[in-house]
Amino acid sequence: MTEPATPYMAGRSATPDASVALRARIPGWGVDLDPKDRPSFPREQPGIATGAHWKFPDRQPEDQPRERSIEHAMLTPAFGTSVPLKGASGAIRRYAYGRYSEGRAAHWLLLIAADRVDAWENHLASFASLRPDNPVTETGIGSEFSGHGLASRAGQRVDVNHSWMDPVIVAGPWVLAGLAGAAVLRAVRRGH
Amino acid sequence: MRAMVYRGPYKIRVEEKDIPKIEHPNDAIIRVTTGAICGSDLHLYHGMMPDTRVGSTFGHEFVGVVHQVGSSVQNLIPGDRVMVPFNVYCGSCWFCSRGLYSNCHNVNPNATAVGGIYGYSHTCGGYDGGQAEFVRVPFADVGPGRIPDWMDEEDAVLLTDALPTGYFGAQLGDIVEGDTVVVFGAGPVGLFAAKSAWLMGAGRVIVIDHLDYRLEKARDFAHAETFNFAEYDDIVVHLKKETDFLGADVVIDAVGAEADGNFLQHVTASKLKLQGGSPVALNWAIDSVRKGGTVSVVGAYGPMFSAVKFGDAVNKGLTLRMNQCPVKRQWPRLFEHIRNGYLKPSDLVTHRIPLEHIAEGYHLFSAKLDNIVKPLIISATA
Ligand SMILES: [Zn+2]
Ligand SMILES: [Zn+2]
């Protein structure tokens, strides 16, 4: 009878390459063999010199009301505000931050919903600007032609199981908006 | 200045923006010379990360030159060449003072569950990122480090996230000599994790992906055995057979929530945002590790729930370890490994894309065209 597979016995039946062979084959094999001699071990280590020369940092001024998680006791001493709250998406986000902790699904789902609203607010606003959104350049679709895109596509790619629906999802709302616009025009014309 | 700007899911453009200002006495303004697009930027690009606002600039992997410093900055002066860890952190809070830099409590008012990350949505603090000509770097005395004279700028940019994170992934696996280590995902982080597993004494390193050109990198660059999961009906069973039905001692998830799983996963996660991502890789990790083994997670996951097979993790007695990497703690050792020739991070760079063409870069990377592994972003002023 052949030996049973490893898990059915105490020892391993299959032995991997011996360490000596590995050391010869793999540059640097085993140089960090000792788990206690690896960076960021142990996970928490008191008294690390980080370069901080303050007990508590200076506080960045809050020039405008800054949203924050209700799990924080205060506004943190440093923060970014790359895009301040504004519009309907801003109202949704303010509500999500003001009402729900990070533990609540509603918090994150509202923020995700606000992101969709934000994208639409900005697309619409862009049409009233000198630089409307351009679904061709902004999706980088040009690289399909410049970066061996078609050639790579002919082989394998990561999104085969859904690439058929991506154009629908990206272009669909634009088509719908166009149709809605046409319908409005038609209704207006009929009204006259 | 010119900066990449998010316009909504799958849409970005380059715009004129104001050069960032000093907003805190310990800020520095860095002129970016080389940046990178990271796999985790794709979560933002796909609209998966909550509170990713239109108008924000991505990019948490960058190196550059100090342009201006705030009044309390002592360690840097204009003109210094610096590399900046992706973590924004204060160096003095409860967490930082214990070395948990990625978990800093003083830099992200928007959440307590995640620290600050450059260019990674308001959920991660609302900081603009380095896919721009200039970027604001808070706590300049704490985060950035001078690039050693002997170090390549392209190695340095990979030291801001991908390499330390990969190394950290291997480290979280608690690898001991002779362990069989499986890495899911042959992107830069997975490849660095595979390579690091050898440094820690692994006996066998197996990398799983579905793109042959990335698996080829795993063989050449990381000396790994490879399997393309698309070629197997059930990759978990295959891995069991490969490990004499024991399972791997350590499995590293270097994929994260962006894994393209089955159709249902894709629709509920990527399209409908009902899950924080599709945890296909994580579930495979839980299934293919041996009982009592360790699963290390360094793939990016959003704050929302994912359908993770927790019961299996319980019943198998697994240790699950995970965190964002505290980058700067890894640097001294990784510098040594680079100098000794054990690691050459820039070998993974496949594309160097001018900032003006970053939309094409994102599309290439997102669709994995042109055998892309790691794209760098070259600043117009560099
Ligand atoms: Zn990254
Ligand atoms: Zn801190």
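How much area do chain A and chain B bury between them, and what percentage of it is on carbon and sulfur atoms? In this predicted model, the two chains bury about 8,600 Å² between them, with 54% of that area on carbon and sulfur atoms.

**The contact between the chains**

Chain A brings 102 residues to the contact, and chain B brings 109 residues. Across the interface there are 64 residue pairs in polar contact, with both residues at pLDDT 80 or more. On the side of chain A that touches chain B, the elements giving two or more residues are helices H1 (19–25), H2 (87–99), H3 (105–127), H4 (143–146), H5 (149–154) and H6 (166–191) of chain A. H3(A) gives the most to this side, with 12 residues. Sorted by class, the side of chain A that touches chain B has 42 nonpolar, 33 polar and 27 charged residues.

**Salt bridges**

Over all chains, the structure holds 29 salt bridges. Between chain A and chain B the count is seven. B:Arg333 takes part in a salt bridge with A:Asp32, where the closest N and O atoms are 2.7 Å apart. B:Arg333 also forms a salt bridge with A:Asp37, and here the closest N and O atoms are 2.9 Å apart. A:Asp37 sits in the loop between H1 and H2 of chain A, while B:Arg333 belongs to helix H10 (residues 327–339) of chain B, so this pair joins two chains.

**The two zinc ions**

Both zinc ions listed here have protein donors in chain B.

| Zinc ion | Donors | Distance | Spacing along the chain |
|---|---|---|---|
| ligand 1 | B:Cys38 (SG), B:His60 (NE2), B:Glu61 (OE), B:Asp161 (OD) | 1.9 to 2.2 Å | C-x21-H-E-x99-D |
| ligand 2 | B:Cys90 (SG), B:Cys93 (SG), B:Cys96 (SG), B:Cys104 (SG) | 2.3 to 2.4 Å | C-x2-C-x2-C-x7-C |

Why is the arrangement around the zinc ion (ligand 1) tetrahedral? Its four donor atoms subtend angles of 96 to 134°, and four donors count as tetrahedral if all angles lie between 85 and 135 degrees. The four donor atoms around the zinc ion (ligand 2) subtend angles of 103 to 117°, which makes that arrangement tetrahedral. The ideal angle for four tetrahedral donors at a metal is 109.5 degrees.

At the zinc ion (ligand 1), B:Glu61 lies in the loop between helix H1 (41–45) and strand S4 (62–69) of chain B, and B:Asp161 lies in the loop between helix H2 (153–158) and helix H3 (162–172) of chain B. These two residues are 100 residues apart, and the pair links distant parts of the chain. At the zinc ion (ligand 2), B:Cys93 and B:Cys104 are each in the loop between strand S6 (87–88) and strand S7 (116–117) of chain B, so the pair ties together parts that are 11 residues apart in sequence.

**Two backbone details**

Most peptide bonds are trans, and most residues other than glycine have a negative phi. The peptide bond from A:Phe41 to A:Pro42 is cis, with omega near -10°. A:Pro42 is located in the loop between H1 and H2 of chain A. B:Lys368 is not a glycine, yet has a positive phi of about 55°. B:Lys368 is found in the loop between helix H11 (358–367) and strand S17 (374–378) of chain B.

Note on methods. Residues numbered from 1 in each chain as written. Chains lettered and ligands numbered in written order. Predicted model: local features only at pLDDT ≥ 70, side-chain atom pairs only at ≥ 80, totals over all residues. Heavy atoms only, no water. Contact = heavy atoms within 4.5 Å. Buried area = accessible area lost by both parts, 1.4 Å probe. Salt bridge = Lys/Arg side-chain N within 4 Å of Asp/Glu carboxyl O. Polar contact = N/O pair within 3.5 Å; in protein donor to acceptor, adjacent residues only side chain to side chain. Helix = DSSP H or I, 4+ residues; strand = E, 2+ residues; numbered from the N terminus. Nonpolar A, V, L, I, M, F, W, Y, C, P; charged D, E, K, R; others polar. Donors = N, O, S within 2.8 Å, 3.2 Å for Na, K, Ca; no water. Tetrahedral: all angles 85-135°; square planar, octahedral: opposite > 155°, others 65-115°.
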